[in-house]
Every structure is written in structure tokens, then in C-alpha cells.
Amino acid sequence: MNWSNGTQDFAFRIYGFHQPILAFSVSASTLTLDAGQSVVFTMNFSNTGLGSANSVWVNVSLPPQLSYVSDDAILIGGIRSGAYSFKFTNVGSRFWSFRLTASAVGAVPTGTVAETVFVFEGTDHNGRSFTRVVHVASTTILNPGSTSSDFPWWILGVAAIPIAAMVFLFWRRRSANLSVEEVFVIHQNGILLAHQSKTLTPDKDADLLAAMLKTVQDFIQEAFSTRERMPMRGLQFGEFSVLIEPGRNHYVAVVHRGDDGSFASRVGDLSRMIEDRFGTTLASWSGDMREVRGIRDLLPVLWGQEPEASSEARDRRKGRARHWRQVPDSATEGESPEHGARVGETRFTDEEG
Amino acid sequence: MPPSTAYKIKVCLVGEAAVGKTSLIRRFVLDQFDDRYTSTLGAKTTKAEIAVEDPETGEPVGIAMLIWDIMGDRHVPESLLQAYFRGTQGVIAVCDVLRLPTIERLRDWVQSVYSVAGALPTICAVNKADLLREAEAIYEGNDLNARMASLGAPHFLTSAKTGENVRTIFHRLAEDVLRRHRSESVTLPDA
């Protein structure tokens, strides 16, 4: 929208519209396999929603008993990287299928069960983590001439340790990727009710940012909504996302990087908690900050923690002035408290707004 | 030492284009965003932190005023203006002393806010008072005062250029909003 000459609109990405509905399944061409023979895994995924998925990944972890032979993911636009991750972008509403062929290696005792793990992950149309499905396909290796009794099982045990470590590190890294930069709880009229910051520099005023965020939301709703007034659910800029969870008389806006799979649900929990405890106050709020001080005590919910006890919070705040600003712990910067930072050690300083 | 912020209030500055709303604000407040935001979004927010006297205790009370500078251009959709007016607690309606039509439009602007937020503490600012001598040719006798009085809200001659009454209008509005919250009587214009 352009209301005067020489001014430019901003590039916003909008959430809150149609979402994809993703499903994933796997089938194997055989359940048993002789050494040297191949098994074909057929991976099917579909999007039955009205919106497209920005990206979809299928990660296949082959067990040591199976070795990769080929795949045909490229035929449906899949890009393979590493061993063996397939990425598909802009997945619209339809059905896809691709195959991966693997063969059984020799020198394993007959009856060995090889488990292949398939992890399917999809995003919504704005790239936010949306769907995750894990399948395990078991294939029994039949190896004539070898018996289970003479197999040194301890070797398999030792081999399993690095695999388990890799799986653990994968999940750890995925979780550590979440970094909550800013939390704003804003009244529906645009007034900031509570704020916690990791990165906001002193020259940026949180009240003004909250008010402008409200202005931008109103603008976007007016510019893009049709008859039905739909709330804006987020913005994305660079590596940061702003997740917006609207309540009846407030909304929670969180600036974050990455995701741990349950972050959006925790933001929803926080918003509902605010509604439960402060909904009546916010419905006819006069602007008296004393009536909404307790909202800040609920923010630890975002890190999967219990809300602060209000009496402790009062004691801690005694004698302190208006705004509170979280001071990032240099040792844990970039991590949410759940994944390394210690909320109990979070320091707060007084800040004149 | 200024008192800590006990209240945060939302106020809107409304009025026709080029009456000096942005200049009045710039004279008084913390301004972090480029004025191009106003023309792009139709509004821009600024902040003023002031202390007013508590009507009950006489002690100073810290008030953070979040001020929505609303674009006076007619091209801004009414529905967007209504979204910006939602939750407003006070209004400063600004007109240009040299342009009679901007005074005549004040009532419409104020009613537009009231239609969303109800009757609110309101101040009228007759801006560009530094040009009052030139304006005398436009008004006969006490015509300007009579026109402003008919709006039913306190009015002040202001000048963003000289600073005349700029501080007064913001402080007076904040006091009226606070008094209203404390259930004291504030004369509200007809909704």
C-alpha cells in the first residue's frame, strides 16, 4: 500500500492464513533380506491442506547392516545432502513418492534385525516447523553360513555407542537452536504490559517498539484481510521470527531464532495464563501499571518453567524502578534457559524507560 | 528524581494534514522512528514521559504517554483509523489557525475517535499561533474563540515553532486522563 509519493512499503511475511496438512508413510519391498540383496523403501508424503509447505525434509538413517545403493528423489524435485537427507521446497497440495534402495552387507549373523529410521519434517508456508513424523522400518538379514551364536555381540554394542551419541547430539543441537531474544506482552491498544529482553539496546525503547508493532499489525490486517478480521500471527526478518499469540485483550509477541518443536505451544500456554489471571483487569484496564505487574512473573513459562511465585517476585523487585531488563549471561548467550542458560541466575537491572 | 511510571496511557493526535501535529510532537517527545512511517502506515507512535500531580495525594505521578500521530490525509482508510483509535484514552485535536476548514473539520475528527473509544478527555490545539497576527484578517472579533468553544473541549493556542503551550496541552491531557481514572469529574465533550 502506498499513500504518498516516494514512500515504500516494507517486506512482511504474514502468518495466519491457509496452512498445509502434511502426512508421511514408508513401505519396504521386503521384510527379510539375504546378504547382497536389496530392499527398496518407498516414501510417500502428501499435502492435503490449502496452503503450501515452505520446506519438507526426509532424513533416512541407514543401519550399519544396510548400505545405500540409489534413490530417485530428484525425479520429484528432492535435493539430497549428506547421508541421506532429502529436501523438497514449496510443497503444494498433492501427493509425492520417491524410493531409496539399500543392500544388505555381508558378515552379519543370520537373524540380525536392521532398523532404518525415517524422520519426516515439514514447515508451514512461512518456514516455521510444523509437522514431524518418525517411522522405523525393520528388515531381518538372513545370512546363510553364519549363526547368531558365534557372533561377537560386544562389537555391535560398541558400534551402537557412537550412533546413540550422534542421535543425542542431533537432538541437542536442534533444541539449542532456539534462542528467545525478546518477549513483549502488549495490551490490545498497543501499550506494553511486560517485557523481557536479551538483545534490546538501550537506545531502543520497548514501549515504542510495542506501540509500532501494534500499528504495523493494524496496517497489515487492514491491507490484507478480507471480510473476516484475521489476526496476524507472525513476522519474519532475516534469521529472526516474531511469533504473535493473540488473546482477547492482549497479545504476546516473541522475537526468536530457531525452534525446539514445542515453543509455539508454550507461547500459547503463556497467553492463556495471562488471559486466566488478568483477563478481567485487561478488559477495562485504565493504564495503571500496578494492576498488571504480575504478568511479568508468568514469562518463565516460555522456557518451560513454573511462573515465579508472586511474593518472591515482589521481594525481589522491592525498591526497583519501572522497567526490568534481562541481562544476557555471556556464558549462555544464544541459548534459552531450558537449554543451557540458568533462569535462576538471570540478572535483572533497573532501567528507566 | 522523576517519579517512576505508574500509568501508561494512549493518546491520539488528530487533525487535517499539515496543521502541525508532527511538529508539536517533535517539540515535546522521545521520537525514535522516521517520519516516513507516518506516511507509509498512516500513523507513527512516539512517547513522552511526564510527571503530573496526583489529584488524590498531591504527589507527583509518572505517566508514560504513548502518542499516536495519525496521518491527516483523507486517503487513509476509515477502518484503519478506527483500528488505530481503539483503546485511546485521550485526544489532542489540532487545527491550523490560518486555515478555517481545518477548524471546521475538528469535530469530525474527534467524533471519529469517540465512535471507537467513547467520549474521552480532549484538548484542542489551535496551532501556528506565532502567525496569529496574520490570522486576524480571517476572524471577526471573537470569532476564533467562539468557534473553538463550540467544540466543547478546552482549547489552547499553540506554536510548535516557539513552543507556546506545547507542554501545557500534553500535561493538561495527562491530568484529565488521570482524573478520569480516579473517577473525578472531567468535562467531556458530547460523544
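Predicted model: local features only at pLDDT ≥ 70, side-chain atom pairs only at ≥ 80, totals over all residues.
The predictor gives the complex an ipTM of 0.89 and a pTM of 0.61. Chain B has a mean pLDDT of 89, while the mean for chain A is 76.

**Confidence**

- In chain B, 94% of the residues reach a pLDDT of 70 or more.
- In chain A, 71% of the residues reach that value. One stretch to treat with care is residues 315-353 of chain A, where the pLDDT is below 50. Beyond near neighbours in sequence, this stretch still has 59 contacts in the model.

**The two chains in outline**

- Chain B contains eight helices and six strands. Read from the N terminus, its elements follow the order β-α-α-β-β-α-β-α-α-β-α-α-β-α.
- Of the 191 residues in chain B, 48% are buried. Among its contacts between residues at least 6 apart in sequence, 76% join residues at least 24 apart.
- Chain A has four helices and 17 strands. Buried residues make up 32% of its 353 residues.
- For chain A, 70% of the contacts between residues at least 6 apart in sequence link residues at least 24 apart.

**Where the chains meet**

- On the chain B side, 32 residues are in contact with 28 residues of chain A.
- The elements of chain B that give two or more residues to this side are β1, α2 (36-41), β2 (43-53), β3 (60-70) and α3. Strand β1(B) gives the most, with six residues.
- By class, the side of chain B that touches chain A has 14 nonpolar, 12 polar and six charged residues.

**Nonpolar cores**

- The largest nonpolar core has 99 residues.
- Leaving aside neighbours within four places in sequence, B:I63 is in contact with B:T5, B:Y7, B:I9, B:I50, B:V52, B:A174 and B:L178.

**B:A64 in strand β3**

- B:A64 is found in strand β3 of chain B. B:A64 counts as buried because 25 other C-beta atoms lie within 10 Å.
- B:A64 and B:I9 are 55 residues apart in sequence, yet their C-alpha atoms are 6.4 Å apart in space.

**Helix α5 of chain B**

- Helix α5(B) covers residues 106-117, a run of 12 residues. From its first C-alpha to its last, the helix reaches 17 Å, close to the 16 Å expected at 1.5 Å a residue.
- Its buried residues are B:L106, B:W109, B:V110, B:V113 and B:A117. Seen down the helix axis, these buried residues fall within an arc of 95°, so they line one face of α5(B).
- On the other side of α5(B), B:D108 and B:S115 are exposed.
- What covers the buried residues of α5(B) includes β1 (5-14), α3 (78-85), β4 (90-96), α4 (100-104) and β5 (122-127) of chain B.
- After α5(B) comes B:G118, which has a positive phi, near 80°.

- Most residues other than glycine have a negative phi. Two residues of chain B are worth a look here.
- B:K128 has a phi near 70°, a positive value in a residue other than glycine. B:K128 sits in the loop between β5 and α6 (132-135) of chain B. Why does B:K128 count as buried? The reason is its 24 C-beta neighbours inside 10 Å, where the cut-off for a buried residue is 20 or more.
- B:N165 has a phi near 60°, also positive in a residue other than glycine. B:N165 lies in the loop between β6 (155-157) and α8 (166-181) of chain B. With 20 other C-beta atoms within 10 Å, B:N165 is buried.

How values were computed
Residues numbered from 1 in each chain as written. Chains lettered and ligands numbered in written order. Expected span 1.5 Å × (residues − 1). Buried ≥ 20, exposed ≤ 12 C-beta atoms within 10 Å, placed from the backbone. Arc of directions from axis to C-beta. Contact = placed C-beta atoms within 7 Å. Nonpolar A, V, L, I, M, F, W, Y, C, P; charged D, E, K, R; others polar. Core = buried A, V, L, I, M, F, W, Y, C linked by C-beta atoms within 7 Å. pLDDT = per-residue confidence, 0-100.
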